[in-house]
Amino acid sequence: MTREGLIGRDEETELLRRRIEGLAQGRGGSVLIEGEPGIGKTTVLALVAREAARLGCRILHAHASELGRSFPLRPLLDCLEEGGDAGAGTGAGTMALMERLTRRITAMTDESPLLLLLDDLNWADDATLLLWQRLSRATARLPLLLVATSRRVPGRRELSQLRRDLLDQDTWLLALAPMSPAEVARLTETLLGAAPGPDLRDRLEPAGGNPLYVRELLDALLRQDGIDVARGDAELSGDAASASPRPPLRAITERLGRLPPDTLRALRAAALLGTEFSATEFAAVLRRPPSDLLALTDEATAAGMLADTGERMTFRHPLIRQALYDSAAPPERARAHRRAAQALHAGGASVERVAEQLLHAGDATGGWMTDWVIDAAEPLALRAPEVAVDLLRRALGQVPGDDPRRAALEHRLGEAAFRLRRPECNAIVRGLLDRAADPDRRALLTVSLVLGLFWEGKWAEAMAVLDEAEAGEAEGAPDRPGPAPVWANRFRGLRSIALWSGGRPEAVPALAAQVVAEAAACGDANAEAYGRHALALSLMRRRRTDAALAENARGLAAARRVAATGPGTDGVADVRITMLVYRALMLGATDRTEEALEALREARRLCESMGAYGHLSGISMSQAALNYWSGRWDAALADLDAIADLPAVEWLPVLRYGVAVLVHGHRDQEEDARALFAELRDRPDPGGLQRGHSHYRIMAGALMAERDGRPGEALGILLPTLDPGYARELDQRHQWLPDIVRLALEVGDPATAQAAAVIAASEADQEPNAGRTAAAGRCRGLVDQDPEPLLAAVDHYTRAGRPLQAGQALEDLAAVLASLGDLPGARAQLDRAVAQYRRIGAAWDIRRAHARLRPLGVRGTARRASRRPARTGWEALTPTELKIARLVSEGRSNPGIAEELYLSPRTVQTHVSHILGKLGVRSRTEVAGEAARHPVPGPRPE
């Protein structure tokens, strides 16, 4: 790696060279280069890129800019040539674009080692910071080297948090310090061909060891003929010898002042576009054909102002661009931005590029800008809702009250504010509602405000808004005529949802039934969707799951009919996502796992198309829970990893840590289980009807106590759930009633075991589905020492694809058979139980089963897996990881593996990360080597 331009950086460049060599060999990593402007960060990036190209790595170079910070993922979208309206054109929200970029970058690493450079991370938007964090975690399993430059920005919390996270993930921090006086002297000698004399060294002291400032000061002195090298050294001469030292930044300003006026005007226009720009954009803001720019760009390049990188032009340093930008007074800059926006619009520039200029154009709008904001608001709201809200509010502030465009602006503002989903946006919608005169417009804003309050969990406030709307309709004031009749029924539909969610479910059935009946009478699919959703929730709470699913299906059909009518669906799409999530929960509770996962996939697709990424955390958590119960524990852990990047909701942490504790605890991964349980222990339970989510905390606490050899304490954790009042919202209580029976019998409390069996039977009678019947059978079989109901439970759990519960029922059956004297039968059932446990890596359950059956004289034939599992090496890989490791060794890409195994690409990435960690390797090539040393007899396992 060449060291030109990096005097005094020998150690840093050598370490970077090793990182690039590691990348070429398939090892990823992350580097953060920090330093003040001009210190040499971009020069380091150029050297890194040159070395990576020499070694055959692929290189992507992204640039963040101050002007583009309002647009999510802009640096990487531009870098991958997916900029402009790519996201808006497809209706993709930020999280959908993040997933798409992650997949594309991952696919690139399957083809060759990839170096991803990001200049000026400090200017990156929050979504880019989040994606950079996600990619940094992926470098442990991918041939991907991330190198970002940044400077410390006080007060920006998201950037500081990313820095801490990167350093926690073993990112190498390269802090570029100022050059020492000796190094400044070496740089001066390199540039001038002679060592600096004492006066010149003193003159360069204000540069503070900053290489850019040193160069600018030397350049200014040379232009003044102020340096003499005739005597063998470089020393001040002429007027420069007696002149006062100049600040380094003034040297840049003076250089600009010596440019031809036409070139200076052109560069000032270019500064409006940011640090880099295309020739087309440059020509547009100058309102000249591109062919006329050749002389200008040649002059600017020769003067050291611009650098031509081929497809785009860049300022040689951001400080040069900043000096040009600051040379105009703020009012003049705002006018220049408005002119630039109009020129870019006329030249066919993207919506985002035009909006970028308008954001810096001040409040003055009108003419073409107002019309443009109305037309661009919808695509902008999909990609950058904050920008859409900002520009719409500015436009509204300038448009007179009688302007016919005002209604369109207010409509677009309401839509954008609703999409942004922030408390302050509810205030915007509230203000629009108070000012709206058109009754149907008021009704639409009422729906938006109510759904926004739903999002915050403010059910009482939502009902107060509905009260106000219905009261206004009843009064029928002459100056405010009522809305169309359908709105009253829609309001009642929303009220029924708020009543259920706000803890008043007893009022829901009658109101929701009325809504559905009136909707059917007038053919209003909107109100029908709301009413049927509320009815489904009410039926679900009353443990009438089949009826709830049927009502849910009818509600979804109504919501899809609304969607088929096109945009402007009055918030039904938002409720449709919620309906799909509840559908998945109900399908999962009735052991229809594949249907449940498909419902969640539909919800995810809808979220991404709407940009409603706030729902994704609930979707991922529901998917993790389904994967836990179906024994897909690697997929469950991958889902939990994904949640770390998503917006949090109140009830999520208890579920997230509860499921993680259960997986690691059953797998006998004690250290991980204890660490996660410590995170879970002190977190409060969700309130109201969300309290049902706390059942994962209950199960996790009981598991941890039993793992520690305290069955009485485990029973004590579960016992309160037998109380009807306590358990009212715990709709999954039947899942652990068999554990209560088993533990009660173990500690000599048959009365409690009998009570739990009676409750299980009652629940199965109340809702006679196969899962509750199987749980009741397990309880009754243990209490009565009767193999028949246990055999029926085993059959159900096996057919339903619930390996953990199938193994537990087989273990119970083995214990009952042993107590009846059938030791051969008990041994056979123990072996079957161990086989189920082994499928999912439930090593602790294997140990427990042997310990439970051994005193009864039962020793299974499959003993190997009863040992604690290996934590490293080939033996530590789970069954899913073994499949993926074999496919990796065949040279398959992550997307190809995902397609074959019916997993998401991100889940495959997580598995590959675990494989690399357990094997202690850094590349896919090394995984292939390990696979070759552990051949599989016969065909590859399915």
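Against which helices do the buried residues of helix 36 pack? The model considered here is a predicted one, and in it the buried residues of helix 36 pack against helix 34 (695-707), helix 35 (711-718), helix 37 (750-766), helix 38 (770-784), helix 40 (803-819) and helix 42 (843-853). Helix 36 itself spans residues 737-746 and is mostly covered, with 8 of its 10 residues buried. Those buried residues are Leu737, Pro738, Asp739, Ile740, Val741, Arg742, Leu743 and Ala744, a list that takes in the charged side chains of Asp739 and Arg742. Just after helix 36, the backbone at Gly748 adopts a positive phi of about 80°.

On the side of helix 13 the contact is made by Glu281, Ala284 and Val285, while helix 16 contributes Ala340, Ala343 and Leu344.

From packing the account turns to charged pairs. The structure holds 66 salt bridges, and one of them joins the side chains of Arg312 and Glu276, with a distance of 3.6 Å from N to O. Arg312 belongs to strand 11 (residues 312-315) and Glu276 to strand 9 (residues 276-278), so this pair ties together parts that lie 36 residues apart in sequence.

Another salt bridge links Asp403 with Arg405, and here the closest N and O atoms are 3.1 Å apart. Asp403 counts as buried at 15% relative accessibility, and Arg405 counts as partly exposed at 23%. A further salt bridge is found between the side chains of Arg406 and Glu410, at 3.7 Å from N to O. Both of these residues lie in helix 20 (residues 405-420), separated by 4 residues, which is about one turn of the helix. An α-helix has 3.6 residues a turn, so residues three or four places apart point the same way. Glu410 is buried, with a relative accessible area of 13%.

Elsewhere, salt bridges that share partners join Arg74, Asp78, Glu276, Glu281, Arg312, Glu352, Arg353 and Glu356 into one network. Among its members are Arg312 and Glu276, the pair already described, and also Glu281, which takes part in the contact between helix 13 and helix 16.

How are the strands arranged in the open sheet with mixed pairing? The sheet has 3 strands in the order 6-8-7. Strand 6 (195-196) and strand 7 (227-228) stand at the edges with a single partner strand each, so one side of each is left without a neighbour in the sheet. Strand 7 and strand 8 (residues 233-236) pair in the antiparallel sense over 2 bridges, and within strand 8 the residue Glu235 is the bridge partner of Asp228.

How values were computed
Residues numbered from 1 in each chain as written. Predicted model: local features only at pLDDT ≥ 70, side-chain atom pairs only at ≥ 80, totals over all residues. Heavy atoms only, no water. Buried < 20%, exposed > 50% of the residue type's maximum accessible area, 1.4 Å probe, protein only. Contact = heavy atoms within 4.5 Å. Salt bridge = Lys/Arg side-chain N within 4 Å of Asp/Glu carboxyl O. Pairing = 2+ DSSP bridges.
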